[in-house]
Amino acid sequence: MMGASVVIACRSQTRATQAIQRMNEEFRASKEAGTLPEGISQTGSLAVDFMELDLASLKSTMAFIEAFKASGRKLHVLLCNAGVAMLPRGFTEDGHETMFQVNYLGHFLIIAHLVPTMKTSGSDCRIIFTSSQAHMYSEREFRESKVKAEDPAVYGRMLNYGTSKLFQVPTYVITDYVVWVCVRLSKKHITSVRFELNFIAYMKCFATTQIHHMFCLSRRLKGTDISVTCLHPGIVRTEVTRSFTDSTALAAMFGTFRMLGFTKTPLQGATTLIDAAVNTVWRGVSDVYLMDCKPSSTHSCARNQEYQEKVWKYSLECLKNYLPEDVVDSLEGRS
């Protein structure tokens, strides 16, 4: 609505097309009613297009990257907001734990390849990560075995969700309110709740991953016109909950969050992301973690540079077959 050309990158063309249609219908209705805010484009329709992207496949991710570059588009804002939540233990066709790849690694690959495009797209380009306040409960060290989900006995759905940084598709956050839910469940569910709570201890390992990515990128992009920020959208009521309807503990927990008024609508959840993308206040600003459109503090381990660089190095190793030397050089600020 502000005149930008937007690309929705996702798996389903049908659902993307339906979403684009709804947006245009709402736009036209607002225009006809004369309720469009000042500064909003008055064109006949929104410039929103679909491009296919399945982050669970590095092959599909590369196909999207090549298609975007071939389109000749400039890239001013890259919103890393896609993802899945609290899936049962599983692996992608590339051999990575599903949530780690979909929520984090796939975005890393896209950024690596599109940073050169952003460097030539003009001033005030922005990379924005949807992270989670769950990072406040993070572990103090990087453990490769946990990222790989090698041991089914210690794999946790909430855990690895945080691990992947959880990320995207408006992220949900697990807080101390879990305890509130736990003490109110019937006895037959206590074992299940304790099992889910155990995931939080593991979740500590990677809820910080995207914040680490922000800091690593920011250091490497210093002196360019690309800024990097991160945000927590809140507990947002989206279809992300469909992946854990089989879990009594998780369903009860999020049901309680909603009952207590801790959740947000999708529009409310998107507000901070949109603000980070277009507000001139954030022009050239990096290394900022946003909550409710305001800077917020991060956990000390999220600011641990040694930890950040271990995750960065591991990510490069995971993607070595998809990152040519020139791409790495640009990403590392060597060209």
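**Figure 1. Overall view of the predicted model.** The protein exposes about 15,700 Å², and carbon and sulfur atoms supply 53% of that area. The model is predicted. It holds 335 residues, of which 50% count as buried. Its secondary structure consists of twelve helices and nine strands. Among contacts between residues at least 6 apart in sequence, 81% join residues at least 24 apart.

**Figure 2. Close-up of helix α8 against helix α11.** Two packed helices are described by the angle between their axes and the distance between the axes. Helix α8 spans residues 209-220 and helix α11 spans residues 305-318. Their axes come within 9 Å and cross at roughly 90°. Because angles of 65 to 115 degrees count as roughly perpendicular, α8 is roughly perpendicular to α11. On the α8 side, the contact is made by T209, H212, H213, F215, C216, L217, R219 and R220. On the α11 side, the contributing residues are Q305, Y307, Q308, E309, V311 and W312. By class, the contact of α8 with α11 has six nonpolar, five polar and three charged residues.

**Figure 3. Close-up of helix α3 against helix α11.** Helix α3 covers residues 98-119. The axes of α3 and α11 come within 10 Å and cross at roughly 85°, which means that α3 is roughly perpendicular to α11. Helix α3 contributes F100, Y104, L105 and F108 to the contact. From α11 come V311, W312, Y314, S315, L316 and C318. The residues of this contact divide into nine nonpolar, one polar and no charged. V311 and W312 of α11 are among the residues that touch α3, and V311 and W312 are also among those that touch α8. C318, a member of the contact with α3, counts as buried at 16% relative accessibility.

Figure 4. L114 is placed in helix α3. With a relative accessibility of 1%, L114 counts as buried, because the cut-off for buried is under 20%. Leaving aside residues up to four places away in sequence, L114 touches I65, F68, K69 and L75. The C-alpha atoms of L114 and K74 are separated by 9.8 Å, and these two residues are 40 residues apart along the chain.

Figure 5. V288 lies in strand β8, which runs over residues 288-291. V288 counts as buried, at 14% relative accessibility. Not counting residues up to four places away in sequence, V288 touches M214, V228, T229, C230, W282 and P295. One of these, V228, is 60 residues away along the chain, and the C-alpha atoms of V288 and V228 are separated by 7.8 Å.

Figure 6. A disulfide is a covalent bond between the sulfur atoms of two cysteines. The closest cysteine sulfur to that of C230 is in C80, at 9.5 Å. A disulfide requires a pair of cysteine sulfur atoms within 2.5 Å, so the sulfur atoms of C230 and C80 are too far apart for a bond. A search of the whole structure finds zero disulfides.

Figure 7. Most residues other than glycine have a negative phi. D124 is a residue other than glycine with a positive phi, near 55°. D124 sits in the loop between α3 and β4, and strand β4 covers residues 125-130. C293 is not a glycine either, and C293 has a positive phi of about 65°. The loop that holds C293 lies between β8 and β9, with β9 covering residues 294-296. At 24% relative accessibility, C293 counts as partly exposed.

Key:
Residues are numbered from 1 along each chain as its sequence is written. This is a predicted model: local features need pLDDT of at least 70, side-chain atom pairs count only at pLDDT 80 or more; totals for chains, interfaces and linings use all residues. Side-chain values use heavy atoms; hydrogens and water are left out. Axes are lines fitted to C-alpha atoms, for helices over the stretch in contact, and angles run from 0 to 180 degrees between N-to-C directions. Helices (H or I, at least four residues) and strands (E, at least two) are DSSP runs, numbered from the N terminus. Angles under 35 degrees count as roughly parallel, over 145 as roughly antiparallel, 65 to 115 as roughly perpendicular and the rest as oblique. Contact means heavy atoms within 4.5 Å. Ala, Val, Leu, Ile, Met, Phe, Trp, Tyr, Cys and Pro count as nonpolar, Asp, Glu, Lys and Arg as charged, and the others, Gly among them, as polar. Buried means under 20% relative accessible area, exposed over 50%, partly exposed in between (1.4 Å probe, protein chains only). Accessible areas come from the Shrake-Rupley method with a 1.4 Å probe; for residues, only the protein chains shown count as cover.
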